[in-house]
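Please look over this structure with me.

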Amino acid sequence: MKKEMIKLLLSHEVISDEDAARLDSINDETIEQAIKELGFGKTEHITKEKILPNLETEYMGKEILCFRKVFSTNSIAKFLANHSADEGTLLISEIQTNARGRLGKKWEAPEGGVWMSLILRPNVPTARIGLITLATGVAIAKAIRSLGVDAKIKWPNDVLISGNKISGVLTEVNATFNEIDWIVVGIGIDSNLKLEDFPEDIRIGATTLNEELPTKVDENELIAIFLNEFEKVYDLYKAGEIETILKEWRDLADTIGKYVNITQTGGKTTQGYVVGINNEGSLIIERQDGTLEKIISGELRTVE
């Protein structure tokens, strides 16, 4: 991870080739400070100063780092989370050159989208980790719906408009058996992009706010709305108000009641009707023989 950060600083000419060659001589605190300074640098249209007027949170977005171009905000967030970054620290990049989705899939993150990562430090049981992705989906869907668009949630980590994907979530965790050190939640929202901005294979089943709305979205305002919504649902998460979160998720779900095919890690597939989710965020499937199966994670596809 340290090598990745050195590569980032080198690409922005924050450090010299000579410094990079002496990797062991650069301590983590120096790297951390250099990254933060880079996050206070010049961007084209997303800035902390434009986000703050619409921000109503107590601690989400207390520190905001805005980058013009990085390889992955999640990677940087994980490095900072391993050091002194506070809960609620937000990293945003106008362009990501090596963004990742779930299961290591490449995530297209050109200019015109909202690409960001949040650092969280919840004091909750590790069994509750899976719920943070669902809670994030609720916040994203509500933020998008505030723009007048009927956003829905697809288990486990996508937000849809009319069945087409507009947003995804990547959650990464550092935890022991019974204690969470940090959670990094990566969020991507296809805002002011055109479908032709994406490779052909990604256009199918995708949409953007630019396609759904008559005018461009103020991305700074959208980020603030998301943070406002996320802090509310995250406070419920920390307080153990799981049923409240699950009710909101069910109200926004595009998945419940549908016949689906789920491919799990290792290639196992399950087909059946989605009957709900449990208190850990796992999907409950009723198979054709009437038996129920709990699905912790997997790739879901609706079967027409």
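The points below take the aromatic pairs, then a helix face.

1. This is a predicted model, in which local features need pLDDT of at least 70, side-chain atom pairs count only at pLDDT 80 or more, and totals for chains, interfaces and linings use all residues. Residues are numbered from 1 along each chain as its sequence is written, and side-chain values use heavy atoms, with hydrogens and water left out.

2. Rings of Phe, Tyr and Trp (its six-membered ring) pair if their centres lie within 6.5 Å; planes under 30 degrees apart are stacked, over 60 edge-to-face, the rest tilted. The count is 5 aromatic pairs. Y59 and Y234 are a tilted pair, because their planes stand at 55°, with ring centres 6.5 Å apart. This pair links distant parts of the chain, 175 residues apart. Y59 sits in the loop between α4 (48-51) and β1 (64-70), Y234 in helix α9 (residues 219-239). Helices (H or I, at least four residues) and strands (E, at least two) are DSSP runs, numbered from the N terminus.

3. Is the pair of F230 and Y234 stacked or edge-to-face? It is stacked, because the planes meet at 15°; the centres are 5.5 Å apart. Both residues lie in α9, 4 residues apart, about one turn of the helix. An α-helix has 3.6 residues a turn, so residues three or four places apart point the same way.

4. Y59 and Y234 are both buried. Buried means under 20% relative accessible area, exposed over 50%, partly exposed in between (1.4 Å probe, protein chains only). F230 is buried at 0% relative accessibility. Y59, F226, F230, Y234 and Y237 form one aromatic cluster.

5. Helix α10 (residues 242-252) has these buried residues: I242, I245, L246, W249 and L252. They line one face of α10, because they fall within an arc of 130° seen down its axis. The arc is taken from the directions from the helix axis to the C-beta atoms. These residues pack against α6 (131-145), β4 (151-154), α9 and β9 (269-277), where contact means heavy atoms within 4.5 Å.
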